[in-house]
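Subject: Structure handover

Hello,

Here is the structure you asked to look through. Please open it next to this message, as the notes below go through it part by part.

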Amino acid sequence: MESGLLDQVVNTADYPLTEPDSAAWREVVERTHHDLHTVGCSVLPDFIRPALHEDLRRECAEIAPQAYYDVETVNAYNIAVDTPLPPDHPGRTTMERGNAFVARDHVPPGAIIHQLYTSEVFQRFIAGCFELPRLHELADPLSGLVLNVIPPGRAHPWHFDTNEFTVSMLTQLPDDGGEFQYCPNIRSADEENFGDVRDVLAGQGEHLIRRLTLRVGDLQLFKGRYSLHQVSTVRGERQRHTAIFAYSLRPGVVGSVARTRQLFGRVLPEHLAAEGDGVRVDERLA
């Protein structure tokens, strides 16, 4: 996204993305550092100019019918539910996943969310927020940029993300429900912390859960690979839509064949080629 076009889309009065050497840019970035360190998540309200909120909502609503639906029984680690595990392993707790995903190859290049995802200026800003030298778009042609669609009566149950860092933006609010809930840094690259995960899944970890109120155009940053999170059941007539911008520390990241088929109902030659030698983030289960 060219700087001029980005200025038209992003609320640069509050988020001066095109001025990385300015005190205002550093102030925003340092504020997100504080949020991520203290509460595990940072929300940048009205990141998209309010005048464009309806355009953002409409663009995503138009591609929402392309979502792949497959209500299934899952666990928090997105591994097969019949995987042999110890009796007390939280991966034995199963839930019904009723959300759906629109794959990246269905997102028009001119859409606001696509322009943001591919913008080097945006990527530089996000990297700064996560205190990283740089971030890479996923090499995966389906999962780098997706629209998460949750229809009424469905939820996106407790899970960990595949990517180290997840950036998302609410594009359509439901009539009711659909609350984002998360457990900041409940695990790490070195420790699964199965006990706390088990408590949350059993409904006994209320003290570990934070809740967010999000609005259209808000940008949300959090470490979804290490923070267990869910979206509660959507109620009313309107779907809940969220754009997910997936980046990685390393270039060349491609999703596994099994996970890709689970989310999108299909795989591409890139997934088959990467199976066995694709770049993985760490040794966590999911």
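On one side of helix H2, Ala-23, Glu-27, Glu-30, His-34 and His-37 are exposed. This is a predicted model, so please read every value below as computed from it.

The buried residues of H2 lie on the other side from these: they are Trp-25, Val-28, Val-29, Thr-32, His-33 and Leu-36. Looking down the axis of H2, you will find the buried residues within an arc of 145 degrees, so they line one face of the helix. What covers them includes strand S1 (41–44), helix H5 (120–129) and strand S12. H2 itself covers residues 23–38, which makes 16 residues. From the first C-alpha to the last, H2 reaches 22 Å, close to the 22 Å expected at 1.5 Å a residue. Just after H2 comes Gly-40, with a positive phi of about 80 degrees.

S12, one of the elements covering H2, spans residues 219–222 and contains Gln-220. Is Gln-220 buried or exposed? Its relative accessible area is 3%, under the 20% cut-off, so Gln-220 is buried. Leaving out residues up to four places away in sequence, Gln-220 touches Cys-41, Ser-42, Val-43, Thr-166, Val-167, Ser-168, Phe-180, Leu-212 and Leu-214. Arg-210 is ten residues from Gln-220 along the chain, and their C-alpha atoms are separated by 14 Å.

Gln-8 lies in helix H1 (residues 3–9). With a relative accessible area of 52%, over the 50% cut-off, Gln-8 counts as exposed. Apart from neighbours within four places in sequence, Gln-8 is in contact with Arg-49 and Leu-52. Gln-8 and Arg-49 are 41 residues apart along the chain, yet 7.8 Å separates their C-alpha atoms.

Next, the nonpolar cores. The largest one has 50 residues, and those with the most contacts inside it are Phe-47, Phe-122, Phe-125, Leu-219 and Phe-245. H5 gives the largest share of this core, six residues. Which residues does Phe-122 touch, not counting those up to four places away in sequence? They are Leu-6, Leu-17, Phe-47, Leu-116, Tyr-117, Val-167, Leu-219, Phe-245 and Tyr-247. There is also a second, separate core of 14 residues, with Tyr-77, Leu-85, Cys-183 and Leu-201 among them.

Last, a sheet. Four strands form an open sheet in the order S7-S13-S10-S11, with antiparallel pairing. Its edge strands are S7 (156–159) and S11 (210–212), each of which pairs on one side only. On average, neighbouring strands of this sheet are turned by 15 degrees against each other, direction ignored. How many bridges join S10 to S13? Four bridges link S10 (residues 180–183) with S13 (residues 228–231), and the two run antiparallel. Gln-181 stands opposite Gln-230, which is in S13. Helix H6 (residues 194–201) lies across S7, S10 and S13, and runs at about 15 degrees to S13.

Best wishes

Methods:
Residues are numbered from 1 along each chain as its sequence is written. This is a predicted model: local features need pLDDT of at least 70, side-chain atom pairs count only at pLDDT 80 or more; totals for chains, interfaces and linings use all residues. Side-chain values use heavy atoms; hydrogens and water are left out. Buried means under 20% relative accessible area, exposed over 50%, partly exposed in between (1.4 Å probe, protein chains only). Contact means heavy atoms within 4.5 Å. Two strands pair if DSSP finds at least two bridges between them. Axes are lines fitted to C-alpha atoms, for helices over the stretch in contact, and angles run from 0 to 180 degrees between N-to-C directions. The expected span of a helix is 1.5 Å times one less than its number of residues. The arc is that of the directions from the helix axis to the C-beta atoms. A nonpolar core is a set of buried Ala, Val, Leu, Ile, Met, Phe, Trp, Tyr and Cys residues joined through side-chain atoms within 4.5 Å.
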